[in-house]
Amino acid sequence: AVVSTQSTGNLVPSAIVEACGDKRTLASVLEAVMECYAEAHNARTWLCADGESGEHHEALSQHFGSRLKYLHLVRDPRELCESSTSDLFGVADSWAQLQRSAANLPSADVYTLDYAAVLEDKDTEVEQLEEFLGGGSVNKSSTKHDP
């Protein structure tokens with residue numbers, strides 16, 4: 001379901017309600033909002049970067065079915081703490097929660113991507129990710145590295 005945007009690229013609430021139809025579940029609202037975002041940016045698909053989506057796997061799986069895929073980005077927690085400007089305990093706790101959440105997901109739905117491997121060989125990692133996603137093309141220019 002494609003959701004219209006105003007000329008400013010803002011969401012149109014009535015279009016989201018219409019796109020959700022009778023379902024109006026949290027997952028259908030998420031899909032409508034993200035489809036709108038993808039449309040506004042000329043993308044054919046979208047990615048939700050919420051680290052807690054694994055906590056809602058059952059509901060997401062019921063709504064999205066085989067379209068649901070998880071990208072588990074792993075990074076050495078020491079490097080994560082070194083690059084963080086926030087509370088180190090909070091960073092470490094968040095990292096541990098994400099690891100537990102990812103461990104409980106069905107392995108067939110999860111692609112694990114090592115941050116260091118991306119820095120070493122971005123093209124190979126992107127090709128493998130494309131294969132996991134079903135052969136679609138990943139926009140390689142949109143990946144960033146902030147040293």
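Biologist: How many aromatic pairs does the count come to?

Modeller: One aromatic pair. The rule: rings of Phe, Tyr and Trp (its six-membered ring) pair if their centres lie within 6.5 Å; planes under 30 degrees apart count as stacked, over 60 as edge-to-face and the rest as tilted.

Biologist: Which residues form the aromatic pair, and how is it arranged?

Modeller: Tyrosine 111 and phenylalanine 132. The pair is tilted, with 5.4 Å from centre to centre and 35° between the planes. Keep in mind that this is a predicted model: local features need pLDDT of at least 70, side-chain atom pairs count only at pLDDT 80 or more, and totals for chains, interfaces and linings use all residues. Residues are numbered from 1 along each chain as its sequence is written, and side-chain values use heavy atoms, with hydrogens and water left out.

Biologist: Which parts does the pair tie together?

Modeller: Tyrosine 111 is in strand β2 (residues 110-114) and phenylalanine 132 is in helix α7 (residues 122-132), so the pair links parts 21 residues apart in sequence. Helices (H or I, at least four residues) and strands (E, at least two) are DSSP runs, numbered from the N terminus.

Biologist: Is tyrosine 111 buried or exposed? And phenylalanine 132, buried or exposed?

Modeller: Tyrosine 111 is buried, at 13% relative accessible area. Phenylalanine 132 is buried too, at 17%. Buried means under 20% relative accessible area, exposed over 50%, partly exposed in between (1.4 Å probe, protein chains only).

Biologist: What lies over the face of phenylalanine 132?

Modeller: Lysine 69, at 5.2 Å from the ring centre. For a charge to sit over a ring, NZ of Lys or CZ of Arg must be within 6 Å of the ring centre and within 35 degrees of the ring normal. Arginine 75 has its charged end over the ring of tyrosine 115, 4.3 Å from the centre.

Biologist: Switching to the overall layout. How many helices and strands are in the chain?

Modeller: Seven helices and two strands. Along the sequence the pattern reads α-α-α-β-α-α-β-α-α. The chain has 147 residues, and 27% of them count as buried.

Biologist: How do helix α2 and helix α3 cross?

Modeller: Helix α2 (residues 26-40) and helix α3 (residues 57-64) have axes that come within 9 Å and cross at roughly 65°. Axes are lines fitted to C-alpha atoms, for helices over the stretch in contact, and angles run from 0 to 180 degrees between N-to-C directions.

Biologist: Which residues meet there?

Modeller: From α2, Ala27, Ser28, Leu30 and Glu31; from α3, Leu60, His63 and Phe64. Contact means heavy atoms within 4.5 Å. The α2 with α3 contact has four nonpolar residues, two polar and one charged. Ala, Val, Leu, Ile, Met, Phe, Trp, Tyr, Cys and Pro count as nonpolar, Asp, Glu, Lys and Arg as charged, and the others, Gly among them, as polar.

Biologist: What does serine 28 touch?

Modeller: Cys20, Lys23 and His63, leaving out residues up to four places away in sequence. Serine 28 counts as buried at 4% relative accessibility.
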